[in-house]
Amino acid sequence: MARFFSSCSSSSTMAMLLLVGLLLPNFLILGVQSIGVCYGRLGDNLPSPRDVINLYKANGIKSLRIYDPNHEVLDVLRDSNIEIILDFPNSLLHDLTNPWTAVTWVYANIVKYYPSVNIKYIAVGTEVSPGYNETSQVALFLLPAMKNVQEALRRYKLENQIKVSTVVYCGVLASTYPPSNAVFRDDLMDFINPIIQFLVQNDNSPLLANIYPYFAYRGDPDHVSLPFALFTQQDPDQTGYTNLFDATLDTIYYALEKAGGGNLEVVVAESGWPSAGGFGATMENAETYYVNLNNHVKEGRGTPHKPGKDTQTYLFAMFDENLKGGDETEKHFGLFYPNQVKKYNINFN
């Protein structure tokens, strides 16, 4: 048991085949765009931004997440057609509670680059939660900051092109097994419900979420099996799931429905598996997870609760980052080595 903390004539036939042949590449491209890769830069041995973006292009990676509005990166992204999630860091959320600061920030980092830089989402804050370590002190600033960024986009008539959201993590959920029981934690209702209503009121902007089966497995290996975490379990568990990624994703969907956000889409803003630094963190496990997740998302089968629904997913991360703090595993999530060689046999395109 897994518990976690989701008929024709010949001429018309020929014409039909020709049409399919013309359309098929477009369908394939749409599938590829479901997979993105996060571009973290906390390393002293990483390639230049231009080399990195060329690496994205060479590997057919069509989506990217960056964690701050670095202008060197944004300049290189011009005319690349790579869709991006642009983060606003937690440490600066208080600044955005000033409406004019939000307008200034949007002008400097969005207006001056869009549309030559294909900004799709602005992630205002990541894993912010009252009472959750270092983010608790900025939790009160999150929704005002999101509202001010939304108003700044509206000022520049970009509110229909670029969506404002925030990134949540699974710690905001309760009663997650089976997934259909999931709700947002009682003690966070006053925090999370207004955010959900903000997203609903702004044309059902998606909720961004970090989903890490690795941490669930590491935290409770007696109840979370490795095959369930790595997409290698063949038979469904008693709730109908064969993998923890889908089960976790569905917990978020079920919780959203119960909180008035049933029409919201969930974009997986991060998911990955470390290759070293901790329990279960091996090259073999990491490659299995990344390859299987990449293929799973590209197949577009959706989840048991959302069958056939495409899930835009960002793999974490492009490189190992040797200057990241915290747990040692944080330094070992890269898909490429700093010399730009692939660590794993992943076919993005």
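Biologist: Why is Asp203 called exposed?

Modeller: Asp203 has a relative accessible area of 55%. Exposed means over 50%, buried means under 20%, and partly exposed is what lies in between, with a 1.4 Å probe and protein chains only. With 55% set against that cut-off, Asp203 counts as exposed. Before we go on: this is a predicted model, where local features need pLDDT of at least 70, side-chain atom pairs count only at pLDDT 80 or more, and totals for chains, interfaces and linings use all residues. Residues are numbered from 1 along each chain as its sequence is written, and side-chain values use heavy atoms, with hydrogens and water left out.

Biologist: And what makes Asp203 and Lys163 a salt bridge?

Modeller: The rule asks for a side-chain nitrogen of Lys or Arg within 4 Å of a carboxyl oxygen of Asp or Glu. Lys163 and Asp203 come to 3.1 Å, N to O, so the pair passes. Lys163 sits in strand 5 (residues 163-168) and Asp203 in the loop between helix 6 (189-201) and strand 8 (207-210), so parts that are 40 residues apart in sequence get tied together. Those helices (H or I, at least four residues) and strands (E, at least two) are DSSP runs, numbered from the N terminus.

Biologist: Is Lys163 buried or exposed?

Modeller: Lys163 is buried, as its relative accessibility is 13%.

Biologist: How many salt bridges does the rule give?

Modeller: The count is 14. One of them joins Arg41 and Asp68 at 2.9 Å, N to O. Arg41 is in the loop between strand 1 (35-39) and helix 2 (49-58), while Asp68 is in the loop between strand 2 (63-66) and helix 3 (71-77), so this pair ties parts 27 residues apart.

Biologist: Why are Arg41 and Asp68 called partly exposed?

Modeller: Arg41 comes out at 28% and Asp68 at 27%. Both values fall between the two cut-offs, so partly exposed is the word.

Biologist: How do you know that Glu270 and Arg65 pair?

Modeller: Their N to O value is 3.3 Å, and the limit is within 4 Å, so it's a salt bridge. Glu270 lies in strand 9 (residues 266-271) and Arg65 in strand 2, 205 residues apart. Both Glu270 and Arg65 are buried.

Biologist: What makes strand 3 mostly covered?

Modeller: In strand 3 (residues 83-88), six of its six residues are buried. Glu83, Ile85 and Asp87 point one way, Ile84, Leu86 and Phe88 the other. In a regular strand the side chains alternate between the two faces of the sheet.

Biologist: How do you know that strand 2 and strand 3 pair?

Modeller: Pairing takes at least two bridges found by DSSP. Strand 2 and strand 3 have four, so they pair, in the parallel sense. Leu64 stands opposite Ile84. The β-α-β crossover from strand 2 through helix 3 to strand 3 is right-handed; that word means that, with the strands pointing away from the viewer, the path from the first strand over the helix to the second runs clockwise.

Biologist: What joins strand 3 to strand 4?

Modeller: Five bridges, with strand 4 (residues 119-126) running parallel to strand 3. Asp87 has Ala123 as its bridge partner there.
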